[in-house]
Amino acid sequence: MPGFDPTTLPEFSIDPAEVQGEVHPQRVQQHYSTELLRYQDGWDVRLFPLSFEQKLEASKLYGESCHGIASSQETGKNSLGVPIRTAKMTVKEMIEAVADMVTYYLEQDKFPVTIGGEHSVTIGALRAFARQYENLSVLQLDAHADLRDEYEGSKYNHACVMARARELCPIVQVGIRSMDATEKESLDTSRVFFARDIVQGPGWAEKVVEKLSGQVYVTIDLDVFDPAVCPGVGTPEPGGLDWYQVTGLLRAVAENSQIIGADIVECIPQFNPPQSEFLAARLAVKLIAYRFHGLPAAGPGGKREES
């Protein structure tokens, strides 16, 4: 693909057969935080650390989080990998670069997972998936609605991510507990599962699954978790979900639909202890395990045919 050289990216691969059992999150962390480790060709997963932040003073923290997720559990020392150079990109340039990157690997039938960085990195990935899949829907796990049409002079701000996603395909929002008054006006409450309702009782995950299509892209803003579980996020909100609520939902989605890609975003490192980074690494492993061993239904539709 013109303008995109995959050899410059700090990607790593995981053998889907390996996640049939347990993969310790430290191994994921080591892949993020040490020299690029490449496996044999033919394995399906590609993870992309992408430390983009529109406010440049925060980009170093995001970079340390993305490329470490974030520190060695044994030594407590942070070791950064090779960064994707986004610091001099505009947000539009970053989105185009992510779209090109994801398209490149989708054409090779890989399973892309993008690690942010702020939530705006999702927009480029979704553009790539929308071009490839006809029966696409997006599952958002997040504390915030992110439905502003424009914020701080940009339509591509992290507060606008789901407004842009909704232009591409149907969305389902889970864990929401904070929004602007203008977002409430455009909210489709039939496709929103508020955190306050989730904690009231069982049965909500099945209702989420019913609203998703055959092919699902999952975007996880780590502030979906309660700050007691995951404090290292950009905009923490009290009253969030716990570990088993989130992983239980992901497993249910994998068993009923085909998860075709994902991102995990908004992790800010807290090195002592690295609680949030450890959670993010474990979450990536769980999501991959559910994708490849959750026996997902094929579902109607599929990749768009070449014209």
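Let's start with a cysteine: Cys 169 is buried, at a relative accessible area of 8% (buried is under 20%, exposed over 50% and partly exposed in between, with a 1.4 Å probe and protein chains only). Keep in mind that this is a predicted model, where local features need pLDDT of at least 70, side-chain atom pairs count only at pLDDT 80 or more, and totals for chains, interfaces and linings use all residues. Residues are numbered from 1 along each chain as its sequence is written, and side-chain values use heavy atoms, with hydrogens and water left out.

**Cysteines**
- There are zero disulfides in the structure (a disulfide being a pair of cysteine sulfur atoms within 2.5 Å).
- Cys 230 is in no disulfide, and its nearest cysteine sulfur, on Cys 267, sits 5.9 Å away.
- Cys 230 is buried too, with a relative accessible area of 1%.

**The overall picture**
- The protein has 10 helices and seven strands (DSSP runs numbered from the N terminus, with helices being H or I of at least four residues and strands E of at least two).
- Of its 307 residues, 56% are buried.
- Take the contacts between residues at least 6 apart in sequence: 77% of them join residues at least 24 apart (contact means heavy atoms within 4.5 Å).

**Strand S7 and its neighbours**
- S7 covers residues 258-265 and is mostly covered, with seven of its eight residues buried.
- On one pairing, S6 and S7 run parallel and are joined by seven bridges (two strands pair if DSSP finds at least two bridges between them).
- Val 218 has Ala 262 in S7 as its bridge partner.
- S2 (residues 111-116) also runs parallel to S7, with three bridges joining them.
- Thr 114 stands opposite Asp 263 in S7.
- S6, helix H9 (residues 243-256) and S7 form a right-handed β-α-β unit (right-handed if, with the strands pointing away from the viewer, the path from the first strand over the helix to the second runs clockwise).

**Helix H4**
- H4 spans residues 121-132 and is mostly covered, with 10 of its 12 residues buried.
- Among the buried ones are Val 121, Ile 123, Leu 126, Phe 129 and Gln 132.

**Ser 213**
- Look for Ser 213 in the loop between helix H8 (204-210) and strand S6 (215-221).
- Ser 213 counts as buried because its relative accessibility is 17%.
- A polar atom of the Ser 213 side chain lies 2.9 Å from the backbone oxygen of Gln 215.
- Leaving aside residues up to four places away in sequence, Ser 213 touches Asn 135, Leu 136, Ser 137 and Ser 257.

**Lys 155**
- Lys 155 is in the loop between strand S3 (136-141) and helix H5 (161-166).
- With 35% relative accessibility, Lys 155 counts as partly exposed.
- Not counting residues up to four places away in sequence, Lys 155 touches Asp 149, Glu 150, Cys 160 and Arg 164.
- Lys 155 and Ser 120 are 35 residues apart in sequence, and their C-alpha atoms are 9.9 Å apart in space.

Methods
A polar contact is a pair of N or O atoms within 3.5 Å; within protein, one must be able to donate a hydrogen and the other to accept it, and residues adjacent in sequence count only if both atoms are side-chain atoms.
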